[in-house]
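Please read each point alongside the sequence and the coordinates.

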Amino acid sequence: MKKEIVISKIRELRGRNPYEILGFTSSFVGLLRKRPELLRKLAEQHRAYLLAILHPDVVKEEDKKIAEELSKIINEAYSRIKDRFEGEDLIEQYMLSRDLEIKYLQERIDDLERENRVIKRDNERLKEEISNYRLSISKLIEALLSFSKNIGEINKEIPCLIVADYLNYKTIYFVNEDRILYEIIGKKRIKEKKVGYHIEDTLKRLVFFEGTCKIRRVGIILGSIKRVDKNRIIFTFDNFIEIKDFLGSIDLNLKNNYIVVLVAVGYNDKTKRYFAIFDFIKVEKIIKIEKVYQRI
């Protein structure tokens, strides 16, 4: 910082209370306000100490201008304190400024306490909302995964590989014993004449794919249906009636043309509604895997 700027900042000290300039806190001045003579004596001693630090014979040559400015301010401050009547007025002014500062700080503390109470109240409300959300999602998942005792029909087909139509190409998926469907990375958009090779390669290297994260979770298989109008459905709802009706239309096996996959369930904060996302995969072939793999 340039010396001119430093000197300008130092000169701003003149606007402060002389007791503050000489290094006395308002609390200290308050303790001795009934003994002004002692306070003046201490001010004189402190002035002498500060001037000794700023003496031209002590400071560096390049700091003498700053030291000179500070010395002037210190002498002016002590001169005002030395004046008996002004000195006592300065004490009252300092006390008033302290009281105003304390009042401001107290008001700020009160504001922060009010904000804290509001935050705590909001936090409790959010905890309740989260608890309700988790309960609702839990009910939804339970409804989606356990909507029929005959779900075992699907289990007869798994674990397995599913070869699915993907536009003019094929995709190979892996389904584990928990009905979780995984897309095998690098096994999408396979040309018709390469399908046989990729099925054999997948069966041979499936454990490797699992161990090196070469698979991506898609969702949970719920069953199959004969036909669909679109590849994905997103339900938004306040209750489970609509979902329940949809689940009733699903066959609990993998024998139909399209496999129904639960991709995600959740809650939309903006709309305050729950949602469930289903994908439909057109099946070309299902290849049962005899070996039971560890869970991914």
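Throughout this note, buried means under 20% relative accessible area, exposed means over 50%, and partly exposed covers the range in between, with a 1.4 Å probe and protein chains only. The model is a predicted one: local features need pLDDT of at least 70, side-chain atom pairs count only at pLDDT 80 or more, and totals for chains, interfaces and linings use all residues. Residues are numbered from 1 along each chain as its sequence is written, and side-chain values use heavy atoms, with hydrogens and water left out.

1. L222 has a relative accessibility of 0% and therefore counts as buried. This residue belongs to strand 4, residues 215–225; helices (H or I, at least four residues) and strands (E, at least two) are DSSP runs numbered from the N terminus.

2. D279 is located in strand 7, which covers residues 273–288. Its relative accessible area is 16%, so D279 is buried. The side chain of D279 forms a polar contact of 2.6 Å with that of R232; such a contact is a pair of N or O atoms within 3.5 Å where, within protein, one must be able to donate a hydrogen and the other to accept it, and residues adjacent in sequence count only if both atoms are side-chain atoms. Beyond neighbours within four places in sequence, D279 is in contact (heavy atoms within 4.5 Å) with N231, R232, I259, V260, V261 and V263.

3. How are helix 4 and helix 5 oriented relative to each other? Helix 5 comprises residues 64–82, and the two helices pack at an angle of about 170° with their axes 10 Å apart. Axes are lines fitted to C-alpha atoms, for helices over the stretch in contact, and angles run from 0 to 180 degrees between N-to-C directions. Helix 4 and helix 5 are therefore roughly antiparallel, a term for angles over 145 degrees. Helix 4 contributes R40, A43, E44, R47, L50 and L51 to the contact, and helix 5 contributes S71, I74, N75, Y78, I81 and K82.

4. L51 lies in helix 4, residues 36–53. Not counting residues up to four places away in sequence, L51 touches S71, I74 and N75.

5. T25 is placed in the loop between helix 2 (18–21) and helix 3 (26–31). With a relative accessible area of 47%, T25 is partly exposed.

Terms used
Angles under 35 degrees count as roughly parallel, over 145 as roughly antiparallel, 65 to 115 as roughly perpendicular and the rest as oblique.
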